[in-house]
Amino acid sequence: MQNQGTPGTCNAVIGSVTQAMRAQRLLVGGKVMARVIKASPKETGRGCAYAVTYPCQQADEARELLRRGGIRIRGGDG
């Protein structure tokens, strides 16, 4: 799902802030610009969760980096 706040930016809902920060490190290490944000309850369908945002044009690469890094994606476009 494309992030409604910033055009061309996609989200992957991760869950905990620790895992989201780990996901950000994996993405940045793979040359994908990423940052951690607090996910809205609308995105998660439940309570508090965190997400990483990244350019939508790198969505396939981002998903693969997260998959290889063992990061479980709970929602978003991931």
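Modeller: Residues are numbered from 1 along each chain as its sequence is written, and side-chain values use heavy atoms, with hydrogens and water left out. In this predicted model, local features need pLDDT of at least 70 and side-chain atom pairs count only at pLDDT 80 or more, while totals for chains, interfaces and linings use all residues.

Biologist: Why is Arg25 called exposed?

Modeller: Exposed means over 50% relative accessible area, buried under 20%, and partly exposed in between (1.4 Å probe, protein chains only). Arg25 has 56% relative accessibility, and therefore counts as exposed. Arg25 belongs to helix α1, helices being DSSP runs of H or I with at least four residues and strands runs of E with at least two, numbered from the N terminus.

Biologist: Why does Gln58 count as buried?

Modeller: Gln58 counts as buried because its relative accessibility is 18%. Gln58 sits in the loop between β3 and α3.

Biologist: What is Gln58 in contact with, leaving aside its neighbours within four places in sequence?

Modeller: With contact meaning heavy atoms within 4.5 Å, Gln58 is in contact with Lys31, Val32 and Met33.

Biologist: What makes a set of residues a nonpolar core?

Modeller: The members are buried Ala, Val, Leu, Ile, Met, Phe, Trp, Tyr and Cys residues, joined through side-chain atoms within 4.5 Å. The largest such core has 15 residues, among which Ile14, Leu27, Val52 and Tyr54 touch the most other members. Two or more residues each come from β1 (9-15), α1 (17-29), β3 (49-55) and α3 (59-68), with α3 giving the largest share, four residues. A second, separate core has five residues, including Ile37, Ala39, Ala49 and Ala51.
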